[in-house]
Amino acid sequence: MVSRIIPVDPFDIVIFGGTGDLARRKILPALFKRFCDGQMPGESRIIGAARTEFDVQGYRAFVREAVIENCSGRLCETDNLAAFLERLHYVTLDARGEKGWDDLTTLMQTTCIRAFYFSVGPSLFGDLAERLHRHNLTDEDSRIVVEKPFGRDLETAARLNRVLASHFNEGQIYRIDHYLGKETVQNLMAVRFGNMLFEPLWNSQYVDHIQITVAEEVGVAGRGAYYEKSGAMRDMVQNHLMQLLCLIAMEPPAKFEPDAVRDEKLKVIRALEPVDPHHIVRGQYAIGDDVPSYREDVDNSRSKTESFIALRCHVTNWRWAGTPFYLRTGKRLKARDSQITVVFKDAPHSIFGPEAGRHHNELTIQLQPDEGITLCVTIKEPGPGGMRLVDVPLDMSFAEALGPDADAPDAYERLIMDVIRGNQTLFMRNDEVEAAWAWTDPIIKGWEARSDVPKPYDAFSTGPDDAKLLIRRDRREWRGIGA
């Protein structure tokens with residue numbers, strides 16, 4: 001299947017934190033892949049900016065290693081890598097001082113789009129925004145990209161929004177959540193709004209419940225200091241899982257346009273009920289085979305930070321009244337597995353008798369590791385002996401359905417190109433971020449006031465037993481992790 005490459009205008013993209021881990025693993029490899037696909041016009045350039053003392057050749061050597069490490073050998077074996085490296089420049093720069101800013105000003109072109117990627121901690125967002133403004137490096141067509149965490153509560157998020165708004169208008173600010181760049185997440189919208197088959201059934205009359213799971217095998221080693229201050233609620237639920245819930249629950253927008261889509265997502269967040277304490281399960285991974293416990297990873301033997309959380313949520317509107325949404329996410333779980341499962345209600349009457357058992361349809365959107373969509377339907381089991389029913393999946397693996405050469409772009413590839421195009425559909429708006437924190441803050445303050453301690457769970461399991469009880473109380477079961 002031949003992909004259609006949509007051209008973009010020439011651009012300069014400045015990566016603040018250009019020697020950091022995110023730039024090395026995601027941003028620079030994503031730009032290289034877009035270059036290989038012909039999506040970087042000849043005048044376009046990439047400028048790394050960081051405190052590290054590199055000259056241009058030193059930075060190009062750094063980027064070369066990053067690309068080889070994180071891209072397929074097939075791409076790196078071509079002449080593309082050498083040509084890509086020629087597009088790179090570098091400035092040693094102090095975000096809070098004046099060092100390097102005149103050099104950056106000299107480097108910038110005046111006849112192309114300017115994008116500035118803040119691949120740094122949120123504490124530097126304001127300093128960078130102020131200095132970009134002071135050195136006249138931006139115009140009304142410039143864009144900035146900011147990474148999570150966007151605040152740690154409503155107060156800090158609102159403060160960050162005010163700081164950025166003092167130098168940029170909302171149309172220039174791109175708050176990135178890489179989950180929204182995944183091919184399957186966008187296919188979720190296509191499945192819902194592009195097929196008459198599903199949308200009439202997408203409501204509480206036909207849907208029994210919805211599960212959203214984001215499971216990781218890895219622990220927090222290497223990120224312990226950050227994670228100890230955030231936990232699974234701030235790190236995953238407030239942004240990634242919230243965005244997935246919005247796409248599942250939102251009303252059809254009038255048009256597939258940035259503000260139309262984001263208006264509908266905002267309505268979902270504002271319709272979320274407060275979560276009762278008995279609908280929350282927090283966990284913390286214990287020691288496992290050849291791996292340390294969470295408390296050992298963060299070097300805090302009395303830590304109360306959760307590495308796992310499960311919630312039962314309700315969206316209080318006409319479409320979803322009475323339909324529970326079960327969210328769970330955690331580290332050091334059984335497998336790396338991100339999925340959304342829409343479980344439809346049983347048929348109102350079975351003509352086959354009690355011996356046929358209970359059967360229902362499920363639509364599963366697999367986000368990772370193998371992107372695809374599965375619809376579980378009920379059929380007759382082959383053979384004599386009566387009407388025996390069995391549930392079978394209708395699978396659509398992207399790799400199989402679209403061919404081995406489809407090679408869907410990484411989320412960062414798509415999102416960075418959307419920044420250059422000026423398309424904010426897959427980026428969060430200021431009021432959306434603040435509404436998410438307004439819902440999240442009382443949940444966190446509640447367990448802090450109760451001095452709740454997370455339940456221990458075995459490494460490489462499915463989480464604490466209390467999470468199973470959370471859903472079993474409603475006579476339901478979690479879908480298997482890595483199944």
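Are Phe-35 and Phe-84 buried or exposed?

A: In this predicted model, Phe-35 and Phe-84 are both buried. The structure contains 19 aromatic pairs. In the pair formed by Phe-35 and Phe-84, the ring centres are 5.6 Å apart and the planes meet at 55 degrees, so the pair is classed as tilted. Phe-35 belongs to helix H1 (residues 21-36) and Phe-84 to helix H4 (residues 80-85), so their pairing ties together parts 49 residues apart in sequence.

A further aromatic pair, Tyr-285 with Tyr-294, is edge-to-face, with 5.7 Å from centre to centre and 90 degrees between the planes. Tyr-285 and Tyr-294 are buried as well. Elsewhere, ring pairs join Phe-16, Trp-101, Phe-116, Phe-118 and Phe-125 into a cluster.

Phe-84 also figures in the nonpolar packing: the largest nonpolar core comprises 113 residues, and Phe-84 is among those with the most contacts inside it, together with Leu-31, Leu-363 and Trp-439. Helix H9 supplies the largest share of this core, 13 residues. Another core, of 29 residues, lies apart from it and includes Leu-104, Phe-116, Val-146 and Phe-168.

Beyond its neighbours within four places in sequence, Trp-439 is in contact with residues including Met-233, Val-237, Met-242 and Leu-272.

Charged groups also meet aromatic rings. The charged end of Arg-282 is placed over the ring of Trp-447, 4.3 Å from its centre, and Lys-182 lies over the face of Tyr-179, at 5.4 Å from the ring centre.

Terms used:
Residues are numbered from 1 along each chain as its sequence is written. This is a predicted model: local features need pLDDT of at least 70, side-chain atom pairs count only at pLDDT 80 or more; totals for chains, interfaces and linings use all residues. Side-chain values use heavy atoms; hydrogens and water are left out. A nonpolar core is a set of buried Ala, Val, Leu, Ile, Met, Phe, Trp, Tyr and Cys residues joined through side-chain atoms within 4.5 Å. Buried means under 20% relative accessible area, exposed over 50%, partly exposed in between (1.4 Å probe, protein chains only). Helices (H or I, at least four residues) and strands (E, at least two) are DSSP runs, numbered from the N terminus. Contact means heavy atoms within 4.5 Å. Rings of Phe, Tyr and Trp (its six-membered ring) pair if their centres lie within 6.5 Å; planes under 30 degrees apart count as stacked, over 60 as edge-to-face and the rest as tilted. A charge sits over a ring if NZ of Lys or CZ of Arg is within 6 Å of the ring centre and within 35 degrees of the ring normal.
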